[in-house]
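The sequence and structure come first.

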Amino acid sequence: MTVKKLYFLLAGSCYLDQSAVNKNLAPGRLLEMPVWSFLLETTDGPILIDTGMPDAFVNNPEYFKGTKREGRVVPKMTANDKIVNILKSAGYRAGDIQAVISSHLHLDHAGGNGHFPKTPIFIQQAEFDAAMGNDDYSPEECRLPDLQYQIIEGDREVAPGVQIFSTPGHSPGHQSVLVTTEHSGPILLTIDVAYTRENFDNGVPFLSYDSESTVRSIKRMKGLIEKVQPSKVFFGHDRVQAREAKVFPDFL
Ligand SMILES: [Zn+2]
């Protein structure tokens, strides 16, 4: 199997308090962060990395009103940003997807997982254990218990050209993905090992479950970069990078 194309799919955005993006900043100002999903076209069918935000967020910026996230997390999502509609615009139905890789089960990464009830969903054991039954992993669409989870511990080559790396810190079982495509060679999707380049390059602290692990995971990814020399390193929610990103129908 080879990966022919990697598509960057923008799946709406989410306003987060600036202190989540840079812990050195005082809370009280919201920043709009891009939300991403990634589609791999392989010789064995399509693979999806992350599924965006839940359908319940569509046209519902006040979703978290009255909760502890009120004023700190404000989703911005239209019907076009639902993962099923994004896939439709790329020519696929949810049932076509051969595998989903869930980087972690936060609201802006796993909200659409319920649209893939028959698809293997690759997730770290630590993330599964942390999320199931835990109200901090809200909304519930992100931690549906009865999906076809493929629980893994540590690194895993899902298929040739699709390598998962365990990178805990931002969440207990966070994972990153190294994709190698025919056109662009290795591309590192750090996902939320770092929200931004500033977090990654300069160690600016951001929202982490365990900041020491985050530092270790960033270091690990830097080692990987040195070894495989990716043609692109992409961060989870970097607004500058998003402006320059080649999104669907462009591909890497
Ligand atoms: Zn996250």
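What spacing do the donors of the zinc ion follow along the chain? The donors follow H-x1-H-x63-H-x21-D. The model is predicted: local features need pLDDT of at least 70 and side-chain atom pairs pLDDT 80 or more, while totals for chains, interfaces and linings use all residues. Residues are numbered from 1 along each chain as its sequence is written, and side-chain values use heavy atoms, with hydrogens and water left out.

**Zinc site**

H104 (NE2), H106 (ND1), H170 (NE2) and D192 (OD) coordinate the zinc ion at 2.1 to 2.7 Å. Donors are N, O and S atoms within 2.8 Å of the metal (3.2 Å for Na, K and Ca); water is not among the atoms, so sites may look incomplete. H170 sits in the loop between strand 9 (162–166) and strand 10 (175–181), and D192 in the loop between strand 11 (185–191) and helix 4 (197–202), so the pair ties together parts that are 22 residues apart in sequence. Helices (H or I, at least four residues) and strands (E, at least two) are DSSP runs, numbered from the N terminus.

**Cavity**

On a 1 Å grid over the protein atoms alone, a cavity is a set of points where a 1.4 Å probe fits but cannot get out; lining residues have an atom within 4 Å of a point. The structure holds one cavity of 30 Å³ or more. W36, F38, D50, H109, I191, F234, F235 and G236 line the largest cavity.

Technical notes. On a 1 Å grid over the protein atoms alone, a cavity is a set of points where a 1.4 Å probe fits but cannot get out, and a pocket is an open set with protein on both sides within 12 Å along at least five of seven lines; lining residues have an atom within 4 Å of a point. Grid points are joined across faces, edges and corners, and a volume is the space filled by probe spheres set on the points.
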